[in-house]
Amino acid sequence: MFCVKCGKEDVDTINGLCMECFLNGRKLVTMPHHVDLIKCSNCGEYALRDQWLKVSQDDAILEIAMNTAMIIPEARLVSVGQMIERQDEKNFVVHVQFDLDVNGVMTGDEDSTIVRLKNGVCKRCSRQLGSYYEAIIQLRSGERNLDEDLREEVVRYVRRSVDDMARNNRDLFITKIQKAIGGVDFYLSSTAMGRSITRELVDRYGAEEKESASLVGQTSDGQEMYRVTFLVRLPGYHVGDIVQYNGKPHLLSAVSRNGGRVIDLNSFRDIPVKKTELQDMRVICKRDEIPETTVVSVSDKEIQVLHPRNYNTIDLRIPEGQEIGDTVKVLELEEELFFVP
Ligand SMILES: [Zn+2]
Ligand SMILES: [Zn+2]
């Protein structure tokens, strides 16, 4: 082949030109004068690749600048060198050196663009700031009041669950948490998340659930829009309570959706119980009302403790392999003292 411009013969040509004539004065890469980088003023994430990403400011600036670079189709990008020159808080000049391969010949080009930082609000933040919610979990105690410790425990649990789910889906969040009479209300950004947390609470506390939906309007495309309420009613018993079962005191050691387990305070036997049996049990002593007392001495199958009321020394049987600290929990029932494992 020969070059149509300089006439050189026996050379590889691109568009009829030898490599020298092709590259001579040709711009291989062009970048626009400027490009806008949108940063969410609420969460600090950047709009990149049609989504919102948590990256460093430098990474965001370099990525959006690189995305503007137009490389001629005859060239293949081999590597780049970049430099950010800060003009002020909002404007950054990005200088880029491009190493390019054109038909096996290594060459290069350079250009720059100004990245202008602009404030915006991402979809999640605008929903969150606008108090958007799709579902409410109404958690209610089985008694008149919800115990303050239990309320805090449930709130901590729900927060942690939402955090876990939000890690893979940024549209999931808690809009607000509101105290209510005998319970607490969770306003949530997603119905599916409300349903899954409700299921977790039912399993964890052996609670009852009821789901209801109310029409709240129409979406922009004319679909009916519902808001779903999950009523979660806690039972009157909780893990750690002492309950009456078969006429004897038992420690409630586990609950789930379908039942639970109790430990006989006489034999320390661990017994599975059905939900209906649980519902019939009377709570003798709530978990945070079980008295603690001082351990005087420990032997293989017994310990000596001070009676929590009259300070007499009492021998108590303990289950095999039980670790004993300086204090233990004991239950006094009809003048008899029981070790609570
Ligand atoms: Zn030529
Ligand atoms: Zn945001």
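How many bridges join β12 to strand β13, and do they run parallel or antiparallel? I looked this up and found six bridges, with the two strands antiparallel. β13 covers residues 183-188. I also noted one pair: Ala180 has Gly183 in β13 as its bridge partner.

**Ground rules.** I am working on a predicted model, where local features need pLDDT of at least 70, side-chain atom pairs count only at pLDDT 80 or more, and totals for chains, interfaces and linings use all residues. Residues are numbered from 1 along each chain as its sequence is written, while chains are lettered from A and ligands numbered from 1 in the order in which they are written. Helices (H or I, at least four residues) and strands (E, at least two) are DSSP runs numbered from the N terminus. Strands pair if DSSP finds at least two bridges between them.

**The sheet.** I traced an open sheet of five strands in the order β12-β13-β11-β15-β14, with mixed pairing. β12 (174-180) and β14 (208-218) are the edge strands, each pairing on one side only. The twist averages 15 degrees from one strand to the next. Axes here are lines fitted to C-alpha atoms, for helices over the stretch in contact, and angles run from 0 to 180 degrees between N-to-C directions.

**Helices on the sheet.** I took contact as C-beta atoms, placed from the backbone, within 7 Å. Helix α4 (residues 148-166) touches β11 (135-140), β12 and β13, and its direction makes about 15 degrees with that of β13. Helix α5 (residues 191-205) touches β11, β13, β14 and β15 (224-233), at about 10 degrees to the direction of β15.

**Cores.** I count a nonpolar core as buried Ala, Val, Leu, Ile, Met, Phe, Trp, Tyr and Cys residues joined through C-beta atoms within 7 Å. Buried means 20 or more other C-beta atoms within 10 Å, exposed 12 or fewer, and partly exposed in between, with C-beta atoms placed from the backbone. The largest core has 39 residues; Ile137, Leu139, Leu188, Val243 and Val262 have the most contacts inside it. α5 gives the most to this core, with four residues. Beyond four places in sequence, Leu139 is in contact with residues including Val154, Leu201 and Val232.

**Glu63.** Glu63 sits in helix α2 (residues 57-68). From Glu63 to Arg156 I read 38 Å, C-alpha to C-alpha, across 93 residues of sequence.

Conventions:
Contact = placed C-beta atoms within 7 Å.
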